[in-house]
Amino acid sequence: MNKENEFYQVLTKVDKLDKAFRKELDYIVALCERENCETVYPYSLKLEEIAEKIVLLTRAMPCYTGRPSACVDVEEIIMQEVPVEIGYTKQGWFSIRIPALLPRKEHGGLNYIRGFLYPAMNRYFMYKPHKRFTDCVLIYRHVYNANRPERLRRDHDNIEINIVSDIVALYVMPDDGPSISEHYYCSAAGTADRTEVYVVPQSEFEDFLAIKKKMPDEGIELGDFKP
């Protein structure tokens, strides 16, 4: 099978999903015009699921053209459109900030997360010194837009975090097993949805809890690790 055929197959899948996306979107718009927008929640989830599939396929499309720089060019776009903040706090804790909420487990999203987080971490650690943690706490802080209804906030045990934990551990921990780290989950209101991850030594966990109560809306300031 040549490159042109592979490209056409992906293009056909994208076209089919695009039609499904437009149909779902039109239905949601019609519902919002007739009823309270809160009734469209399950349909908006379906729309999000279709959109993720489209994103994954369109990320692959440039590579099927045979252009040697395609993967690098796609990574550049991902870095621009999903600007992950990476660094260390002044206390020496490692942290990443993702400008979106993580998906629900039942809706997958693993390839989507992997697609933007691996390149961001690779680029950050390519030339920078870093600190590895043992006996630590891996903290997930889910920041919800303050305008989001309370009932639309997700249960912590229903959020896809495993792939993020694996990627974080790859760079700053021996692994993310129970002998190395414990997990802690919390939520907060903010001006926009995002996910914050912190790696904090067990001995400094209470310090994090004290700081958590008065974190600025934009999160703790991050910088490079200074050995």
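Let us begin with a working term: two residues are in contact, or touch, when they have heavy atoms within 4.5 Å of each other. The model here is a predicted one, in which local features need pLDDT of at least 70 and side-chain atom pairs count only at pLDDT 80 or more, while totals for chains, interfaces and linings use all residues. Residues are numbered from 1 along each chain as its sequence is written, and side-chain values use heavy atoms, with hydrogens and water left out.

Start with the overall layout. The protein chain has six helices and five strands, taken as DSSP runs (H or I of at least four residues for helices, E of at least two for strands) and numbered from the N terminus. From that end, the order is α-α-α-β-β-α-β-α-β-β-α. The C-alpha trace spans about 55 × 50 × 30 Å along its principal axes. Among contacts between residues at least 6 apart in sequence, 80% join residues at least 24 apart. Of the 227 residues, 38% count as buried; buried means under 20% relative accessible area, exposed over 50%, and partly exposed in between, with a 1.4 Å probe and protein chains only.

Now turn to helix H4, residues 110-125. Buried residues of H4 include Ile113, Phe116, Leu117, Met121 and Phe125. Their cover includes helices H2 (41-60), H3 (70-81) and H5 (162-172), along with strands S1 (85-88) and S2 (94-98).

One of those covering helices, H2, holds Arg59. What does Arg59 touch, leaving aside residues up to four places away in sequence? The list is Val74, Ile78, Asn111, Tyr112, Gly115 and Phe116. Arg59 is buried yet has no salt bridge, and the nearest side chain of opposite charge, Glu52, is 7.8 Å away. Here Lys and Arg count as positive and Asp and Glu as negative, with His and the chain ends not counted; a salt bridge needs a side-chain nitrogen of Lys or Arg within 4 Å of a carboxyl oxygen of Asp or Glu.

Seven salt bridges are found in the whole structure. One joins the side chains of Lys53 and Glu49, at 3.9 Å from N to O; because these residues are four apart in helix H2, about one helical turn separates them. Another pairs Lys128 with Asp224 at 3.2 Å, N to O. Lys128 lies in the loop between H4 and S3 and Asp224 in the segment after helix H6 (205-212), so this pair ties together parts 96 residues apart in sequence. Glu196 and Arg194 also form a salt bridge, with their closest N and O atoms 2.7 Å apart, and both residues are buried. Salt bridges that share partners join Arg141, Arg194 and Glu196 into one network.

Finally, the nonpolar interior. In soluble globular proteins, nonpolar side chains tend to be buried together. A nonpolar core is a set of buried Ala, Val, Leu, Ile, Met, Phe, Trp, Tyr and Cys residues joined through side-chain atoms within 4.5 Å. The largest has 37 residues, of which Phe94, Ile96, Val164, Val168 and Val172 touch the most other members. Elements giving two or more residues to this core are H3, S1, S2, H4, S3 (136-145), H5 and S5 (194-201). Apart from it lies another core of nine residues, among them Trp93, Val137, Phe208 and Met215.
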